[in-house]
Amino acid sequence: MRETMSYAGHILEFLALAFVLILMVTVVVAIVLFFIDRNQKDDAIRRNYPVIGRFRDLFTELGEFFRQYFFAMDREEMPFNRAQRNWAYRASKGKGNTIAFGSTRSLNVPGTPIFMNAVFPPLEDQFAKTQPLEIGPFTRAPYHAPSIFNISGMSYGAISKPAIESLSRGAKAAGVWINTGEGGVSPYHLQAGCDIVYQIGTAKYGVRDEQGHLDDDKLRAIAAHDQIKMFEIKLSQGAKPGKGGILPAAKISEDIREIRGLKPGEDGISPNRHREVNNFGELLDFIGHIREVTGKPVGFKMCMGSSDPFVELFELIQQRGLESAPDFITIDGGDGGTGAAPMPLMDLVGMPLREALIKIVDLRDKYGMHDRIRIVASGKLIGPSDVAWAICAGADFVVSARGFMFSLGCIQALKCDRNTCPTGITTHDPHLQKGLVPEEKWEKVANFATSMIKEVETIAHSVGVAEPRQMRRRHVRIVGGDGKSVHLNDLHPSYHKPVETQAAE
């Protein structure tokens, strides 16, 4: 008994000594920090309230995480709330999205779409399979795109190697295309055998010469890959309209540098536009040149500031002939995207997708090019209602980047630009990349795509049509500022009148 008490006494003495040492170290550190804070001149709070003022930065940093997990309601957060993220997480796991006890979504918020369920919807044996849609009828190799929902542009460099591997494998399994983003095509895009849209950004990574000009030989070599189905010329993107991408040299590995054609130590800086494209005539010439060299469909991506200038584009196409038209136009919303960008550009520049999409669709249809130019909608479309709305508005295809990032495990940590992404998606830190295992994640990517398509089909059947592309503006109502809903077709009458829907509309 005495030995036990003696042993316990020694432990207590050790703990007391450790406590005293920790306390002394804490006091010394606090004194040092006090003098540092009192004498520094950069931060007024720390100068006036030494040591204690440091907690302000800590709480500011942690605030967004506490709000996400403890304080924000399901429908409150931006850019995506918990309900949106949870739907994406469940869809990526292949789990059902059945809920109970009513919706938590307010149906009085202006802009909310409400789909018009049919009195006599089609039965299961009347459902139709969505057929592939042809893009590029005047090319040597038209693309018959099989899916209405696809993966938007995220470049290798902006996202990691395991992220690209997971996305490409998932795209192959789900039968959807993947857009390379402006960083060019990598071996990790190609290894799964999926359909690929090659994006030509303003820096022309992967298809440029040493002076940064378009290199036709490299373009032909890229087009020789059977997996490369289309080429997309990026004019601008929703995250930063009017500004090119920047990839710091610190994030550029040897293989990224080789793919992009950069020199050692060189930052990946993209101009804010293509130097050889100064007007719509030169844009059509540029499109025509790439289409002739590659033999494949060519379109362009843009974030629209106003629809007025594009009247000139469609009038010019009419003058030159339908063969001169872009094979597709991707409309990106001005409300941000996966790319890191200056806050003024992300917050204040560019038309939101829900306005821009309708304007460009109406211009296309007004000039009689509905079956010539395909419209691709992009920008915060990560749920079935978003995708269904875009198709009702006139989009032929919908693409998503952030939705597929959630399928990879993104937690909206808002660290995409810091190379410290905790899920390994947007970082090139090998330690952090270990958390993203392509052998497991590709299945979640495929599940997300197939779940999205299935639930959009469910909405289509509910409104009374056999498959999603038969949905029209008359099938959805939009909540107005007074809380009452009106037909989207009353707000924006469609110029396209298919024979089977003329009487109904």
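## Contacts and overall make-up

Among contacts (heavy atoms within 4.5 Å) between residues at least 6 apart in sequence, 68% join residues at least 24 apart. This is a predicted model, in which local features need pLDDT of at least 70 and side-chain atom pairs count only at pLDDT 80 or more, while totals for chains, interfaces and linings use all residues. Residues are numbered from 1 along each chain as its sequence is written, and side-chain values use heavy atoms, with hydrogens and water left out.

The chain has 17 helices and 15 strands; these are DSSP runs numbered from the N terminus, with helices (H or I) of at least four residues and strands (E) of at least two. Of the 505 residues in the chain, 49% are buried. Here buried means under 20% relative accessible area, exposed means over 50%, and partly exposed is in between, using a 1.4 Å probe and protein chains only. The accessible surface of the chain is about 25000 Å², and carbon and sulfur atoms account for 57% of it. These areas come from the Shrake-Rupley method with a 1.4 Å probe, and for residues only the protein chains shown count as cover.

## A nonpolar patch on the surface

Let's start on the outside. A nonpolar surface patch is formed by Leu17, Phe19, Val20, Leu21, Leu23, Met24, Val27, Ile31, Phe34 and Phe35, which together have about 960 Å² of accessible area. Patches are made of residues with over 30% relative accessible area and no salt bridge; like charges are joined within 9 Å, and nonpolar side chains (Val, Leu, Ile, Met, Phe, Trp, Tyr) within 5 Å.

One member, isoleucine 31, lies in helix H1 (residues 2–39). Isoleucine 31 counts as partly exposed because its relative accessibility is 45%.

## Strands E10 and E11

Now for a pair of strands. E10 (298–303) and E11 (328–332) pair in the parallel sense over four bridges; two strands pair if DSSP finds at least two bridges between them. Across this pairing, methionine 302 stands opposite isoleucine 331 in E11.

E11 is mostly covered, with five of its five residues buried. Phe328, Thr330 and Asp332 point one way from E11, whereas Ile329 and Ile331 point the other way. In a regular strand the side chains alternate between the two faces of the sheet.

## Lysine 301 and its partner

Lysine 301 is found in strand E10, and it counts as buried because its relative accessibility is 7%. Leaving aside residues up to four places away in sequence, lysine 301 touches Ser152, Gln199, Glu232, Ile233, Lys234, Leu235, Ser236, Gln237, Thr330 and Asp332.

With one of these residues, aspartate 332, the lysine 301 side chain forms a salt bridge (3.9 Å, N to O). The pair links distant parts of the chain, lysine 301 in strand E10 and aspartate 332 in strand E11, 31 residues apart. Aspartate 332 is also buried, with a relative accessible area of 7%.

## Other salt bridges

A salt bridge is a side-chain nitrogen of Lys or Arg within 4 Å of a carboxyl oxygen of Asp or Glu, and a search of the whole structure finds 13 of them. One joins the side chains of glutamate 182 and lysine 234 (3.3 Å, N to O). This pair also links distant parts of the chain: glutamate 182 is in the loop between strand E5 (177–179) and helix H6 (187–190), and lysine 234 is in strand E7 (residues 228–234), 52 residues away. Glutamate 182 is buried at a relative accessible area of 11%, and lysine 234 is buried at 6%.

Arginine 220 and aspartate 217 also meet through their side chains (3.1 Å, N to O). They are separated by about one helical turn because they are three residues apart in helix H7 (residues 216–223). Arginine 220 counts as partly exposed at 42% relative accessibility, whereas aspartate 217 counts as exposed at 56%. Elsewhere, Arg291, Asp327 and Arg372 are linked in a network of salt bridges.

## Helix H12

H12 is mostly covered, with 10 of its 14 residues buried. Its buried residues include Leu353, Ile360, Asp362 and Arg364. The packing partners of the buried residues include strand E10, strand E11, helix H10 (310–320) and helix H13 (384–393).

The 14 residues of H12 (residues 353–366) should span 20 Å at 1.5 Å a residue, and the end C-alpha atoms are 19 Å apart, which agrees. The expected span is 1.5 Å times one less than the number of residues. Just after H12, glycine 368 takes a positive phi of about 70 degrees.
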